[in-house]
Amino acid sequence: MIEAYDYIRAQTFDSLLALFWFVAVFEIPRYFLLFALTAFLPMRRHISQPDGRERMVSAVVVGHSEGTKVEKCVRALHEQSRRPDEIVVLSDGSTDGMAKRVGALSRQGLIDAAHATELRSGKAAGLNLGARIAKGEIIIFVDCDCTFDRHAVRNILYHFADPDVGAVAGSVLVRNETASLLSAFQAIEYLITISLGKQAMDRLGLVSCISGAFGAYRRTAYEQIGGYDAEGGEDLDLTLSMRSAGWSVRFADDAVCYTDVPVKRAALVRQRGRWERDAIRLRYRKHGHLMNPFSPRFSWREWIHEMEFLVFNVLAAIALPFYVAWLLAMYGSFGISILAGAQLVLICMDMAVFLMAVSVTPLVRPLPLVPYVPGFSLYYGLFMRWVRLAAYAQEWIFRASRNDEFVPRKVQRARAEVS
Amino acid sequence: MDTTSGATFDLKRVLLVEDSSVTKDLVELVLSHAGHTVTSVETGQAALDALFAEHFDVVLTDFHLPDFTGLEVVRRFLSERGERERPLFVAITGDTRGLLSDAENCELFDRVVPKPLDVDLVCDLVLEPVLPVSKRARPGTKRSASTTDGLGLAVLEWPIGIGPAPVPGLPGIDAILIREARDLQILWGINGANLLPVLDETGTLGASADVDVSTLSITRTDEVRKVVERFHERRADLHPDLARSEDPADRLLARIEITGATLSARMSHRHDGLVAWNTICDPGGIPALLTKLEKEGLVRTTFFERIHVCPSCRSACLIVREECPTCASSQLTDESYLHHFRCATQAPESAFVQGDDLVCPKCRRTLRHFGRDYDRPGIMTRCESCEATTVEPQVAFVCSRCTTRTPAEAVPTHDVMSASLTDTGRAYLRSGTAFLGPARRTLRFGDFPLELVIALNRAAAEYNESRQPFTLASIHYDGLDAIRQQHGALRARDSRRLWLEALQQTMSDRVVVARGTASDFVLLAGSQLEEARGQIDAARSEADRTVRDDLQATLRLFGPEDIAR
């Protein structure tokens, strides 16, 4: 290690850059961008106004076999300082008695409309039915396994005072952050990429994805783009469509919802694999026009957004194995030491970004997470990149997103016939 | 006798027309003891003379008099004096059926009392106010022929049009004939109505009546006779306390016994409670009575049905309906959800229907291929009134009587029970109120048969004059219930009668043997207690030998001192 330290000390800036080109290209700009955007761009304040009580607000909850969770979610909605005017709950072909639970909630008067289908139609179809049944001017989509901060709904509604805003993303934080090492890392990840990342993007007007866990839509905007489309990743899809249609999409950092993340590695890999496959399919197949300068809907803002994803997510994941191979080939076992050295730098940067994320994220409890920050770069820089790389490869080569278990087979078949 | 309470301030002048001295003595004794003025005559002519000579409030007349009938007495009096100042005419007869079958009798007499005379009843009758003329049935009203006319039964026709007003206890009546099913609760309220078979001429009472006589054929007339006979037998087994009881629970209990030991519930749309039992007693009151009887251990109940009732008016005539959870309208229709796979549109079918085609409301594609383009993932309910949709309509009950609407979860229920008598209940019905209290098996004057009262009076008078002792033995049969259960009521009664006859034969002529309801009695005039005990014990073992069934008779002896106390 001392050897490596001495070696690095002996390097010039140019040779260091040659040695750590991966870090210099894929890591430092990422951190720098986050930092610079959040620190130096002014925050886009929402127009200050009451809590949008004059608008009718509907909450739509769709779940598949989530009978044990749905009541907690509904009760959390009733606890809101700005209670939704209407709560619509759908059981999408549940097999666990969720339909019964939903019926019971309806009889208790806790929800205004209860619907259940016998066959599973998929999340997108469920959300579309929910939106059709709901009567509100603003529709808030909520996942069954989410719970909320008391002011989440009130805070997410503020942004709709701007008539250009078509949708607002809520801030999703991790509820089970200390359940395992992986969940702690994910908690840090959500803080940095979702909370801090979206705040940064919000400053550019480029909020990338309204999480299906908690997002609000203006009905006119929702109907204009025809609601959710079939296939997975429907939340990202809807956001991209909305921005294509010219609607502004915002991020409400103070509208906090909590969710459980996967605790076991296999579940995490499955979940992320699905997300990344859907992202590739949606960004480069379905919404490829966003990057085409000759497309009538092309905009530089969108292009920057797509580039950000391309460089920091896709290319970084692809380049990582080459970098490691190159390092080992050039320096032999000494390469390991160099990597470790690079890791030290990343840990320092991680800590800085973590602190920044904590400082700009309301309602987060950072202390339990601090011990895990040093390991975060291993998780995010190494482990997640491998997961991504595998997902990208599956999607590019096998179009694996078609076999996504989240989308019913009948829908996949219908989609396959189209393309 | 202490049965003439309240008589001191309402004294009547009574004319008793009776040729039998036993009856005459007794009625005279009882009525004058109660403070009434009693004039007794033996013939019809003497009665008329007395009636023309002075004013009487009540005329108790035997139907068969040495010179002419009691009816003739009434007729002659009325032709002379008219309806004004008319006393209450009460016929005393051993042949109620024959008397009641003659329409003229029915018009002229106010009451008909059967022989042997019930002293309590006579006292009650005498106290009854005389009805003003207008309240009586108009003479000459034609009575329509009834289906039971040819059966030779003494029938109380309901509603009461013409004829004598019912005497409390309905003595001498064999059955109640329902000609119109109205005011049945008033009928049930008449003392004694609970012990008579109900013949339904309207055909609408169902099992609440005992026999449906709306279509009477030869087989049915036999059935009527059998039912009347059966009721008669069972009625004879009841303790007088219970036969006469005014307590609603007692009356129901007696009715259960008399119909054959079960009170069975059934569905009935004619009552607000939607259930009825095999009695004309108001079904609304029965559950409370059964609860009381069951608590006392007299009946055993079995579950029949759980009924929902209106929380505001308690009626069970509820309309059950599925309704919209939003606006409570029941105008609901079922509709499929349709799921268009390709664009994730999921909506009610009506959003897709365009003529014969299904067109996606979002992407305007025509849906052609079920299972490939689209499917129907479920059914929803749509409200035609407010357009709301739901997966599960709520259920509510609307009262058809008071229109109160109640959600299904909030509708109160109550359990309808059938009931049958327990052994305790049966024993209570045979032994009277004494059975339940601490006074069980002690001597009660109310239980004494008439002939015993007369004999006891005589013996008591002799004891008072010349210190001539007497002994009264009460006989209770502990084995009677067992025999009844094993061989039936008839056999039990026969055995008891036989035993008593055997006892009587082995004893001297000076002994008075009297048959009571729960107990029988032997009065030995002129015998000391110890002397009597020897005599009775000897006779008893002789009687036990004669009768095959083991009656397990227990005898208790009382001297003059015991009775005076």
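Residues 309–328 of chain A form a span that is 100% helix and 0% strand, with end C-alpha atoms 28 Å apart. Helices here are DSSP runs of H or I with at least four residues, strands are runs of E with at least two, and both are numbered from the N terminus. The span is one of those that UniProt, in an unreviewed entry, lists under "transmembrane region" for chain A, together with residues 20–41, 334–357 and 369–387; such positions are given in the numbering used here, feature names are shortened, and the annotations may be inferred rather than shown by experiment. Over residues 20–41 of chain A, the chain is 91% helix and 0% strand, and the end C-alpha atoms lie 29 Å apart.

The model is predicted, so local features need pLDDT of at least 70 and side-chain atom pairs count only at pLDDT 80 or more, whereas totals for chains, interfaces and linings use all residues; side-chain values use heavy atoms, with hydrogens and water left out. Residues are numbered from 1 along each chain as its sequence is written, and chains are lettered from A and ligands numbered from 1 in the order of writing.

Chain A as a whole contains 15 helices and 8 strands. Its C-alpha atoms fill a box of roughly 75 × 50 × 45 Å along the principal axes. The radius of gyration of chain A is 22 Å, which agrees with the value near 22 Å for a compact globule of 419 residues (taken over C-alpha atoms, the globule rule being 2.2 Å times the number of residues to the power 0.38).

Turning to the interface, 29 residues from chain A and 26 residues from chain B take part in the contact (heavy atoms within 4.5 Å). About 2200 Å² is buried between chain A and chain B, 51% of it on carbon and sulfur atoms; buried area is the accessible area, with a 1.4 Å probe, that two parts lose on being put together, summed over both. Arg107(A), His115(A) and Arg132(A) supply 22% of the area that chain A buries against chain B, more than any other three residues.

Between the two chains there is 1 salt bridge (a side-chain nitrogen of Lys or Arg within 4 Å of a carboxyl oxygen of Asp or Glu). In a salt bridge, the side chains of Lys410(A) and Asp375(B) meet at 2.5 Å, N to O. On the side of chain A that touches chain B, helix H5 (98–107), strand E3 (113–117), helix H6 (123–133) and helix H15 (409–418) each supply at least two residues.

Over all chains, the whole structure has 49 salt bridges. Asp278(A) and Arg281(A) also meet in a salt bridge through their side chains, at 2.8 Å, N to O. These two residues are separated by about one helical turn because they are 3 residues apart in helix H11 (residues 265–286) of chain A.

A cis peptide bond joins Trp158(B) and Pro159(B), with omega about -5 degrees; Pro159(B) sits in the loop between strand E6 (155–158) and strand E7 (175–178) of chain B. Ala328(B), although not a glycine, has a positive phi of about 65 degrees.
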